[in-house]
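Dear colleague,

Please find below the structure that I am handing over to you. My notes on it follow.

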Amino acid sequence: IDIPSDDDNIGNIFEHAANTAFGWAANGTAYMVTTDGFDGCPLLNASCGTNAFTLAYLMRDHFGAAFALSMDQGGSTTMWTSPGGIVSHSGGGARDIFAGLFLAEV
């Protein structure tokens with residue numbers, strides 16, 4: 001698990017909140033994971049979602065991801081699945097999404 005301690009967004013590394021990650025295992029299986037949570041949660045309250053470390057360990061230890069990227073954290077974390085719907089906890093209202101990762105069957 002390599003999370004740089006000098007990251008510009010150091011506060012969000014430790015904050016428990018909603019989080020999204022993309023990872024893949026050595027066998028080529030890809031994983032897209034979103035955890036629920038909310039902004040403004042006390043730093044050490046794990047019932048409010050995941051922080052960067054717990055998300056990294058979830059990806060590695062539960063899903064077997066050899067590599068993973070943290071995509072987003074906090075109220076703008078959203079995952080839309082078809083036909084299932086949306087997994088999101090926006091913290092009070094809809095937010096614009098400016099970047100995303102999209103997978104489609106062709």
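In this predicted model, Trp24, Met32, Phe67, Leu69, Met71, Leu101 and Leu103 make a nonpolar surface patch of about 650 Å². Areas follow the Shrake-Rupley method with a 1.4 Å probe, and for residues only the protein chains shown count as cover. With 3 residues, strand β3 (residues 67-73) gives the most to this patch; strands are DSSP runs of E with at least two residues, numbered from the N terminus.

Met32 lies in strand β2 (residues 30-35). Its relative accessible area is 34%, so Met32 is partly exposed (buried is under 20%, exposed over 50%, partly exposed in between).

Strand β1 (residues 19-24) pairs with β2 in the antiparallel sense over 6 bridges; pairing requires at least two DSSP bridges. Within this pair, Ala21 stands opposite Val33. Both belong to the largest nonpolar core, together with Leu55, Met59 and Ala65. Such a core joins buried Ala, Val, Leu, Ile, Met, Phe, Trp, Tyr and Cys residues through side-chain atoms within 4.5 Å.

Overall, buried residues make up 29% of the 106 residues in the chain.

Residues are numbered from 1 along each chain as its sequence is written. Local features need pLDDT of at least 70, side-chain atom pairs count only at pLDDT 80 or more, totals for chains, interfaces and linings use all residues, and side-chain values use heavy atoms, without hydrogens and water.

Yours sincerely

Note on methods
Patches are made of residues with over 30% relative accessible area and no salt bridge: like charges are joined within 9 Å, nonpolar side chains (Val, Leu, Ile, Met, Phe, Trp, Tyr) within 5 Å. A salt bridge is a side-chain nitrogen of Lys or Arg within 4 Å of a carboxyl oxygen of Asp or Glu. Helices (H or I, at least four residues) and strands (E, at least two) are DSSP runs, numbered from the N terminus. Buried means under 20% relative accessible area, exposed over 50%, partly exposed in between (1.4 Å probe, protein chains only).
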